[in-house]
Amino acid sequence: MLLHRPSATIGFTVVELVVVLTIAGIVALVAIPRFMGVSGFQSRGFYDSAKSVVRFAQKTAIAWRKEVFVCVTATKVSAGTAAGCATPIINPVTGAALDTGNAPGGVTLTLAAFSFDSAGRPNPNAPVTITLTSGIAGDPARQIVVEAETGYVHP
């Protein structure tokens with residue numbers, strides 16, 4: 001005696017297929033333009049580089065037990081052992097001067113010049129805020145803050 005089983009349907013219904021394609025289209029419309037423009041990524045990379053230069057300058061001042069200067073222009077952050085960053089600190093990995101290079105187009109920095117003493121505190125003994133302003137659509141302004149008493153560098 002054979003039992004008759006109902007045949008199972010395999011595949012998608014037209015409604016399921018249309019819904020999935022619609023959702024994929026919406027995700028593509030939102031995501032693809034974000035990945036096509038690299039300006040936002042370059043801006044964030046520059047911010048991370050600037051923060052690293054300031055942190056490295058503070059750590060170098062502590063390690064060398066001498067004053068290290070940080071110079072912020074409208075397009076660059078650099079560190080040196082003389083006022084005005086005339087004598088740059090050399091990056092031990094690359095052998096180049098410790099600086100960020102030029103900011104990507106549309107990114108500007110607030111001007112600042114300060115130093116870290118041998119204990120890693122900023123001189124003058126006041127908090128320092130470096131603001132990176134971006135003219136790139138959708139890219140927020142970012143800040144690097146150096147605390148007065150400790151020299152702690154954070155976003």
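This is a predicted model: local features need pLDDT of at least 70, side-chain atom pairs count only at pLDDT 80 or more; totals for chains, interfaces and linings use all residues.
Trainee: Why is the link between C71 and C85 called a disulfide?

Mentor: The cut-off is a pair of cysteine sulfur atoms within 2.5 Å. The S to S distance of C71 and C85 is 2.2 Å, so the pair qualifies. A search of the whole structure finds one disulfide.

Trainee: What is the handedness of the link, and are the two cysteines buried or exposed?

Mentor: The link of C71 and C85 is right-handed, with 100° about the S-S bond. Both C71 and C85 are buried.

Trainee: Why is R142 called buried?

Mentor: Buried means under 20% relative accessible area. R142 has 14% relative accessibility, so it counts as buried. R142 is found in strand β7 (residues 142-146), where four of the five residues are buried.

Trainee: How do you know that R142 makes a polar contact with S43?

Mentor: The limit for the N or O atoms is 3.5 Å, and one must be able to donate a hydrogen and the other to accept it. The side chains of R142 and S43 make such a contact at 3.2 Å.

Trainee: Which residues does R142 touch, leaving aside its neighbours within four places in sequence?

Mentor: R142 is in contact with S43, R44, Y47, I130, T131 and L132.

Trainee: How do you know that β7 pairs with β6 and with β8?

Mentor: The same test of at least two bridges applies. Strand β6 (residues 128-134) is joined to β7 by five bridges, and T131 stands opposite Q143 in β7. Strand β8 (residues 153-154) pairs with β7 over two bridges, so that pair meets the requirement as well. V146 stands opposite V153 in β8. Both pairings are antiparallel.

Trainee: What lies between β7 and β8?

Mentor: The two strands form a hairpin with six residues between them. In the turn, G151 has a positive phi of about 80°.

Trainee: What makes a space in the structure a cavity, and how many of 30 Å³ or more are there?

Mentor: A cavity is a set of points where a 1.4 Å probe fits but cannot get out. The structure holds one cavity of 30 Å³ or more, and the largest cavity has about 30 Å³ of space.

Trainee: Which residues line the largest cavity?

Mentor: The lining consists of S43, Y47, V107, L132, T133, S134, D139, P140 and R142. The elements that give two or more residues to this lining are α2 (39-64) and β6. β6 gives the most, with three residues. R142 belongs to the lining and is also in contact with S43, Y47 and L132, among others.

Notes:
Residues are numbered from 1 along each chain as its sequence is written. Side-chain values use heavy atoms; hydrogens and water are left out. Buried means under 20% relative accessible area, exposed over 50%, partly exposed in between (1.4 Å probe, protein chains only). Contact means heavy atoms within 4.5 Å. On a 1 Å grid over the protein atoms alone, a cavity is a set of points where a 1.4 Å probe fits but cannot get out, and a pocket is an open set with protein on both sides within 12 Å along at least five of seven lines; lining residues have an atom within 4 Å of a point. Grid points are joined across faces, edges and corners, and a volume is the space filled by probe spheres set on the points.
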